[in-house]
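Please examine the sequence and the structure shown below before reading on. The paragraphs after them proceed from a whole chain to single residues.

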Amino acid sequence: MGRFISRRLFHLVFILIGVSILVFLMLRLIPGDPAHLLVGELASPQDVARIREKFGLDRSYPYQYYVYMKNLFRGDMGTSIRSGVPVSEEIAVRFLATVELSVAAMLISSLVGIMAGVISSVRKYSLFDYASMLLALAGISMPIFWLGLMLMYLFSVKWGILPMMGRFTMGFDPHTVTGLVILDSLLKGDLALFTNSLKHLILPAFTLATIPMAIIARMTRSSMLEVLSKDYIRTARAKGLAYRTVIIRHALKNAFLPVVTVIGLNFGLLLGGAVLTETIFSWPGLGRYVVDSLLARDYPAVQGCILLFAVIMVVVNLAVDVIYFYLDPRLRTDGKG
Amino acid sequence: MKKGIWVSLSLSVLFLFAATVLAAETPVKGGTLTWGRGGDSVTLDLAQATDGESIKAGIQILENLVMFKKDSMDVEPQLATSWEVSKDGLVWTFKLRKGVKFHDGTPFNAHAVKVSFERVINKDHPFHKYGTWRYPALGLGPVKEVKVIDEYTVALRTEKPYAPLVANLALWLCPILSPTAIEKYKEEIGRNPVGTGPFKFVKWVKDDQIILERNEDYWGQKPHLDRIFLKAIPEVSARYMALQSGAIDIADDLDPDSIQMAKSNPNFNVIERPSINVGYLAMNTKKPLLSNKLVRQAFNHAIDKQTIVKTIFRGLAIPAKNPFPPSIWGYNDKIVDYEYNVQKAKDLLAKAGYPKGFDIELWAMPVSRGYMPEPVKTAELIQGYLAAVGINAKIVRHEWGVYLDKTSKGEHDLCMLGWLGGNADPDNFLYGLLSADVTKPPAANVAFWENAEFTKLVKEAQAVFDKAKRASHYLRAQEIFHEEVPWVPLAHSTIVRVHNKKLHDVPLRPNGLNSFQMIWKEK
């Protein structure tokens, strides 16, 4: 198991090198000069040249890449062209905001999705099954933008029960332990900030959870249905095991493999930032940052973000594989051999 | 007796009335202003800023030697108390305000001015490397030397006489920062701005909020508000909803539909001001077709600006006839615009030798700006107008960076662009966008129009220090522009600010340099 993980982490280095070359080249192949975008409509040629020189954009591509990688291995992701601030700092704050939102969204979507899926499969063709699968279909096809604005209008403007934007009410001073506002306020015992930030999280997390929730529910249902028709389930029932035990211990555990994959994949995607949800709810996350940086052709910022996404995807996939080990005994022996 | 009762009754009614009026007009101290805007600031060191959101926030914290007056685009003292220009027009001597302190306690003096300016213009200055200096040509570019005469006197020397300098100094690009803070924060000064302004910087949560608080030691009239929260709400409907729910007091940059809704809402105030911008269609005079003046005049007759203003700007603009708007001094209102007249346009085309029209490329801006809110729809409208006079225009689109790059190299026939003249000086538009000096790629004169008389006039005006005399140069220059028409000037937009009625004395300067010092909020 340890060897498996270290081997995968070793692969990560090559994946990152590959990704870095690809991103580096792709960014420079898209038309648009960062220096020109930075100084705007009325830049003098000297201004543009000065800025190109400052950020080393006047050097050859291989040289630029060499410098970037050299700094990267020293832990320096470069300086944002747009703001002049180290990219690592810019990314760190926003990534934590994104983590908070994605974790909440994944918790909601997994809990509700799995429960709905299990109940639907057990009560196949019941009213609950039809209703929840119809809802799931609606959830998948719902434009997030519209849903977010509607929730905001109803819960914040019309009924005034939930805050409409941001991570906490302005003026609160979040404690900085981990950077996750909710966790930090709990650690510091700041109940006011905890409830405040939790309330702020509800609408965006629910909006963001809609699509994964629907996918997870449908996936759980179909996977459960398949397992429930297996012989060993009938055997377990025949042995006289309680129905509940059969469903949870025998069926769900076996039906879980594809569900875990879907959860992992969605979680990885959410950690990359959710542009729409972040934009609607003014959530200062990574999704908006990547888009803004890309539009400004802020090469170091985009490169930093994409490398981070690559790491996230690899780590999440690794975590999914590790969970497989625990769920499926067959894999454990394969892994050792 | 009866008379006496009436007199005292009416007097007391009058008194009551006066009391209520006074109560409503007396500023209340305290309170928090929450200001919803479309995006976050990039940097609060305004000498490095190019975006409106940075300027909006930074202008509360930092101050300049001079500033635009509250109600006009004339310049008045801020950190300077007076200034004079030497006879040869090369040396500007500023007397500085005494007893002013930066937010970190550092005293404001000539040394602070020298450091703040030299870090921008002097490559060898130790602080030069701490910033990315943008637009020097609009700000301190013409200044060659900053000299400390004594503790409260500083002299700026320019290479050649440059009359617009004092307007440049009022721009956001020339703030005075605490030298101690610049040394302490180095590259990070933009995230830890220390100035002399009415509000102090407290905290910045990136992409989310900036918090400012009242500077209790402010040298001028102290602000009424305790705190300002600047909140980034990127989605425009969410921004309007936030205003409705009371979560914010001011909503910036709303869409025309929300503005209409706000106008009919009794809780909101909608302020409108003419902007100091221009949206235009530039004709590349280096292309054989467009080098013909008659063709360019035909374009001016062919396009219906009134309809563009009505439909695209939904009335929040005025049609343009000159390169800069009437809110700026030196505007030539005697000029009669080319009327919208299809027949005249056709006749001019026939006279130019194109009775059957021709094919041409029309480049549409890919991004929306105040001076061009819906560029693609505008391009489609123009395409329609041109078709009516027999010109077949093909709309060409590029990504913004590419668009700026290619138009500045002159690869287009017709291209749409615009300009917001921050320092409200005619020079900014006439020399900066239309003189022959700026036709070399990357050119700002995207009509690539080289008119010797025009260029001579606007260059001479730079060295004239008498405003009336300068204005006469500009009046004539506009006549030449009108005759030669390298552009179809389209519109000058109106800027709008929507705020909660509880706020009073909300400023709206056309160049976006609005201090919130005087704003007060009803309890």
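This is a predicted model: local features need pLDDT of at least 70, side-chain atom pairs count only at pLDDT 80 or more; totals for chains, interfaces and linings use all residues.

Residues are numbered from 1 along each chain as its sequence is written, chains are lettered from A and ligands numbered from 1 in the order in which they are written, and side-chain values use heavy atoms, with hydrogens and water left out.

Chain A contains 15 helices and 0 strands; helices (H or I, at least four residues) and strands (E, at least two) are DSSP runs, numbered from the N terminus. Its C-alpha trace spans about 85 × 60 × 40 Å along the principal axes. Chain A has 337 residues, and 49% of them count as buried. Here buried means under 20% relative accessible area, exposed means over 50%, and partly exposed lies in between (1.4 Å probe, protein chains only). Contact means heavy atoms within 4.5 Å. Among the contacts in chain A with a separation of 6 or more, 72% are between residues 24 or more positions apart.

Chain A also meets chain B. To this contact chain B gives 49 residues and chain A gives 48 residues. The size of an interface is often given as the accessible area lost when the parts come together. Buried area is accordingly the accessible area (1.4 Å probe) that two parts lose on being put together, summed over both. Between chain B and chain A about 4,000 Å² is buried, with carbon and sulfur atoms giving 62% of that area. Three residues, B:Lys206, B:Asp207 and B:Met241, supply 15% of the area that chain B buries against chain A, more than any other three residues.

Side chains of opposite charge can pair when their charged atoms come close. A salt bridge is a side-chain nitrogen of Lys or Arg within 4 Å of a carboxyl oxygen of Asp or Glu. The rule finds 40 salt bridges over all chains, and 3 salt bridges across the interface of chain B and chain A. B:Arg191 pairs with A:Glu89 in a salt bridge, with the closest N and O atoms 2.9 Å apart.

Other salt bridges lie within one chain. A:Glu90 and A:Arg94 form one with closest N and O atoms 2.7 Å apart. Both residues belong to helix H5 (residues 87-122) of chain A, 4 residues apart, about one turn of the helix. A:Glu90 and A:Arg94 are both buried.

In chain B, B:Arg37 forms a salt bridge with B:Glu53, the closest N and O atoms being 3.1 Å apart. This pair links distant parts of the chain, since B:Arg37 is in strand S1 (residues 32-37) and B:Glu53 is in helix H2, 16 residues apart. Why does B:Arg37 count as buried? The reason is that its relative accessibility is 0%. B:Glu53 counts as buried because its relative accessibility is 14%. Both residues take part in a network of salt bridges that also links B:Asp40, B:Lys56, B:Asp252, B:Asp253 and B:Arg497.

Helix H2 (residues 52-61) of chain B also holds B:Gln60. B:Gln60 counts as buried because its relative accessibility is 0%. Leaving aside neighbours within four places in sequence, B:Gln60 is in contact with several residues, including B:Trp35, B:Leu212 and B:Phe516.
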